[in-house]
Protein chains: 2
Amino acid sequence: MKCAIISVGTELLMGQIVDTNAVFLSRELNTLGYDVLYRYTVGDNDGRLEQILELALNDCDMVLTTGGLGPTEDDMTKETVARFMDDVLVEYLPAKEWLLKAKERRGKTFTDNNFKQILLPSKSTVFPTQVGTAPGFCCEKDGKYVICMPGPPREMTDMFKRRIRPFLESMQDNVIYYRTLRIFGKGESLVETELLDLIDAQTDPTIATYAKMCECSVRVASKRPTLEEAANAVVDMCGKIKEILGDCVYSDEDEDLAEVVGRKLIAAGTTISCAESCTGGMFASRLTDVPGISEVFERGIVTYTERAKMEELGVTRSVLEQETAVSPTVALQMAEGLAAKTGSDICISVTGVAGPSGGTGEHPVGQYFCGCTYKGKTIVKKVETHHHERDFNRYHAVLTMFDMINRLLEGMEIRSGKDIWGNQ
Amino acid sequence: MKCAIISVGTELLMGQIVDTNAVFLSRELNTLGYDVLYRYTVGDNDGRLEQILELALNDCDMVLTTGGLGPTEDDMTKETVARFMDDVLVEYLPAKEWLLKAKERRGKTFTDNNFKQILLPSKSTVFPTQVGTAPGFCCEKDGKYVICMPGPPREMTDMFKRRIRPFLESMQDNVIYYRTLRIFGKGESLVETELLDLIDAQTDPTIATYAKMCECSVRVASKRPTLEEAANAVVDMCGKIKEILGDCVYSDEDEDLAEVVGRKLIAAGTTISCAESCTGGMFASRLTDVPGISEVFERGIVTYTERAKMEELGVTRSVLEQETAVSPTVALQMAEGLAAKTGSDICISVTGVAGPSGGTGEHPVGQYFCGCTYKGKTIVKKVETHHHERDFNRYHAVLTMFDMINRLLEGMEIRSGKDIWGNQ
């Protein structure tokens, strides 16, 4: 099925925000077996939106729009689409109930113009929202479809995953099945090089690599008459890929590393505490993104000063003076000091130079040390990212911390000798 | 002048890469006073590109394309544009010289198909490249313009800054100036309601509201013959808006609240420490996003258990038993315990129910208490978000913490009486 994506919103044309929705939808639609022929971006202007709808449905069987479903005056996607599809807007009673409940919950922050959102095309299939207040919908006319979704990415992606994807799947003859492998410790170019023979030979399943910040992923998709055939083909190919890439593959279900580790900790009842310097609380923040983590997470200490490192974790002044705060011994003392204080099963630490400034010849921006105490042993790992961006280095260090924990829990190697210290 | 942007490249439609070119060009064109009416993305397909050119030049005076100027078979932008503008491709001799020089520099990585790039529309204005090997150009027909640029972002942005921007400036009568106000504490609907008279009456400057997670922004833009006139009109309108919205406007330069607060703390040399429960380190993580914050950030404690609250911050067992961990007294004890321990000028705390589960009748999901000790006084604020999403509630609490600090630093009110406790 051929389709087009229309992003509605003057803020996009002003260049204020990046259109992540269009990228997300392009990828999802391709994976579902839909061909995306065009993407359009248009401002909050009904005449122009109508013109684009006309053009797109000339070539395509389906158009997906994002944006312009909100409560304010300039939101006009719904009105334009209804008119274009020869339909009218009517009060949709279930949506009114959803809104009344939302209003009750939120009290006075809820304004009357929100009620504009209960008007929907009379013949449409409605997709409720679980994140925002604007429902989505699908209109059909003469075998052509227009699917409208809200613009805020959190609302759109949630609605797509829960409602639109199953709807689109139900319209396809073949079934698509896919898995996304997540990889930390090998870059996209290296992953692609290692998989080159498989990629060159691909027909079905298809294999695509994607770069993410500090990590990458491989998506394996198959389109077959039955789910079973497609799933078997994908699982088989994933097995081959994992054999080639080795233990840097940490998930084959597109989970975040924090989620994978958090889930394992909760399942095993393994308690954890953390001591952070350069990451400034980001490790604790990511770990506590995981619902239910309060079962096992005891405490986190962000020691941004030398005094805090000494007072909270028992790091010694002589080590700070002789080796500086960015050193394997400080990472070790941080982890062991935390273990002595908390008694948590796993105590993880990090100290380093996040940048953009503060680097020296011996301790360049992007250098950091992670320590981890587990079952009476402490291991310290040194990393140099060779990057200068503060956010990159901080996030990289957080992923390395999760990776170390994951490897310890699974009994895997913590990589190459010379960058490892500790009382193993 | 009205214009459209066309991004050419099948890889964009597959969702493999984010179209940063379109965002860059949108912003640049708007700043130059060009109205961007549409953005289109089309694959490497000449028929579809021609159709889009036709549609775009129907409404617009100018089209800018990126991509499809390279040496490979699927690059066909130049051929399509030349045909569409009634021109032919000819060997452009200066381009041949540039290429010969590039070939000399690069040696064997230079392939013969690069010479496809010396063919350019005979009547075009040519823009040399200093980064890649594909020149850009501008064709004109009947007062309509098509400007073609290479697709790789480094090549495109360099060519735009050096060649295209001066070219476009020379064609313009007006300039654009804009500011973005950032708001915490009022939702988009409420902001729009309060600004309705101004929005309804808008001609120039224009006013537009945008929703972000837990906050919103207002963009004010003016297009005038001189930068000074445009800037004056915008500053004047921002003043009116701030008068209406009050002190919930925390920036008129589109800065994050964490950045605003971090900058103020660093400038004043005001030291800070934090004690977090439900936000799990997210406050510390956001604060330490700010470069240079190590000057003033002393430490952060994430006390996820009652034991950690007692040991680290001196929260008393009797209060935990009588009032539970989610209570104003615990938030107060956390902030004051931290102040006693660290002596930091500002000690901020938070305890609450992030969700999605764990709520009770008395302490529903989304309820949290923030405490702040400053100049010997502690203030505690209660918030109920009425949201169930863990990430929303955590982020909302973090913004409230920054907002409290901002208000204390500026001597502003910490809002309504009944939700405030403390030894003020």
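User: In what order do the four strands of the open sheet in chain A stand, and is the pairing parallel or antiparallel?

Analyst: Strands are DSSP runs of E, at least two residues long, numbered from the N terminus, and two of them pair if DSSP finds at least two bridges between them. In chain A the order is E10-E11-E9-E12, with antiparallel pairing. Strands E10 (206-212) and E12 (249-251) of chain A each have a single partner strand, so one side of each lacks a neighbour in the sheet. From one strand to the next the twist averages 35°, with axes fitted as lines to C-alpha atoms and angles running from 0 to 180 degrees between N-to-C directions. This is a predicted model, in which local features need pLDDT of at least 70, side-chain atom pairs count only at pLDDT 80 or more, and totals for chains, interfaces and linings use all residues. Residues are numbered from 1 along each chain as its sequence is written, while chains are lettered from A and ligands numbered from 1 in the order in which they are written.

User: How many bridges join E10(A) to strand E11 of chain A?

Analyst: Seven bridges join E10(A) to E11 (residues 215-224) of chain A. In E11(A), A:Val218 is the bridge partner of A:Thr209.

User: Which strands of chain A and chain B pair in the antiparallel sense?

Analyst: Strand E2 (residues 35-42) of chain A pairs with strand E2 (residues 35-42) of chain B over five bridges. There, A:Thr41 stands opposite B:Arg39 in E2(B).

User: How many residues does the contact take from each chain?

Analyst: Two residues are in contact if their C-beta atoms, placed from the backbone, lie within 7 Å. The contact takes 56 residues from chain A and 55 residues from chain B.
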